[in-house]
Amino acid sequence: MEFKVSRAVFFDFDGTLVDSAKDLVECANLQRLKRNKEPLPFEYLKNFVSRGTPAMLKEAIGLLKEDPDYDLIREEYLTDYRERLTQNIRFFDGIPEMLEDLDNKKIPWGIVTNKPSNLTIPLLNFLNLTNRVISSTYGDSAPKSKPHPDTIFLACDQASVNPSNCIYVGDDQRDIEAGKAAGMKTIILTYGYCPEPEMIPEWGADFIAHTPAEITVGIDKLFK
């Protein structure tokens, strides 16, 4: 296969580029309130944002994917989230500057997230990212999402770039597993929603970034 792009950087979305925890935690606690339970602390529930809806519902109300009413409650939770999708979302401090640096260096970048397309695409539009990414894939873009590398491979196909010439950046163990499985260099972040930061060195990422500015340092180092 002939590749048109020599290299690229791909990012996870929630907990990596954007802070969406407030809205997601509020929706999880809304499920608790509907069951006459006290809300859980924000600082506790935000640790599960990067692990997706199943983890949030399990921690909030003990709901498991095999429970008979899982699909119904999941859709209720996501409907609540869609209604407040853009209320509190924001870039982490330093992310706009980091992305601008990539643009100035003419390094293409894209997004690979487990968030469904019907939730991510409106946010990309809201944040004016749609026309800046070289490609973007979502949790429903392939049969298997991260930690499987399928959506990463798809993003590379869309961008016409060899995965082995790319870097994947994320804040969860699944991100590192998926990036490595795709043959990419990986950068793990400590400022996201990881509930076990002491485990980060064991995940085998090629670079650890504590701030968005350090992502730039890691990208420059790994592309040398």
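Buried means under 20% relative accessible area, exposed means over 50%, and partly exposed lies in between, using a 1.4 Å probe and protein chains only. By that rule I73, at 8% relative accessibility, counts as buried.

Welcome to this structure. It is a predicted model, in which local features need pLDDT of at least 70 and side-chain atom pairs count only at pLDDT 80 or more, while totals for chains, interfaces and linings use all residues. Residues are numbered from 1 along each chain as its sequence is written, and side-chain values use heavy atoms, with hydrogens and water left out.

**Domains**

- The domain assignment of the protein chain gives domain 1 (8-17 + 92-223) and domain 2 (21-84); such bounds come from an automatic or database domain assignment.
- The centres of domain 1 and domain 2, taken over C-alpha atoms, are separated by 24 Å.
- Where the domains meet, 14 residues of domain 1 are in contact with 13 residues of domain 2; contact means heavy atoms within 4.5 Å.

**Nonpolar cores**

- A nonpolar core is a set of buried Ala, Val, Leu, Ile, Met, Phe, Trp, Tyr and Cys residues joined through side-chain atoms within 4.5 Å.
- The largest nonpolar core has 53 residues, and V9, F11 and I215 are those with the most contacts inside it.
- This core draws at least three residues from each of domain 1 and domain 2.
- Apart from this core lies another, of 14 residues, among them F10, I152, C166 and A178.
- Leaving out residues up to four places away in sequence, I215 touches F11, I95, M98, V169, I187, L189, Y191 and A209.

**The largest pocket**

- On a 1 Å grid over the protein atoms alone, a pocket is an open set of points where a 1.4 Å probe fits, with protein on both sides within 12 Å along at least five of seven lines; lining residues have an atom within 4 Å of a point.
- About 630 Å³ of space lies in the largest pocket; grid points are joined across faces, edges and corners, and the volume is the space filled by probe spheres set on the points.
- Its lining has 28 residues, of which R51, G52, T53, P54 and N114 lie nearest the centre of the pocket.
- The lining divides into 11 nonpolar, seven polar and 10 charged residues. Here Ala, Val, Leu, Ile, Met, Phe, Trp, Tyr, Cys and Pro count as nonpolar, Asp, Glu, Lys and Arg as charged, and the others, Gly among them, as polar.
- Helices α3 (52-61), α4 (70-83) and α8 (173-181) each supply at least two lining residues; helices (H or I, at least four residues) and strands (E, at least two) are DSSP runs, numbered from the N terminus.
- Domain 1 and domain 2 each give at least three residues to this lining.

- N114 sits in the loop between β4 (109-112) and α6, and counts as partly exposed at 21% relative accessibility.
- N114 and G52 are 62 residues apart along the chain, yet their C-alpha atoms are separated by 7.4 Å.
- Beyond its neighbours within four places in sequence, N114 is in contact with G139, S145, K146 and R174.

- I73 belongs to helix α4; its contacts, leaving aside neighbours within four places in sequence, are Q31, R35, I61 and L63.
- I73 and Q31 are 42 residues apart in sequence and 8.5 Å apart in space, C-alpha to C-alpha.
- L124 is part of helix α6 (residues 117-126) and is buried, with a relative accessible area of 3%.
- Not counting residues up to four places away in sequence, L124 touches F13, I111, L129, T130, S136 and Y138.

**Backbone details in the loops**

- The peptide bond from K146 to P147 is cis, with omega near 20 degrees, and P147 lies in the loop between β5 (136-137) and α7.
- N128, in the loop between α6 and β5, has a positive phi of about 60 degrees although it is not a glycine. N128 is exposed, with a relative accessible area of 62%.
- S160 also is not a glycine, and has a positive phi of about 55 degrees. S160 lies in the loop between α7 (150-159) and β6 (166-170).
- S160 is buried, with a relative accessible area of 12%; apart from neighbours within four places in sequence, S160 is in contact with E2, F3, K4 and V5.
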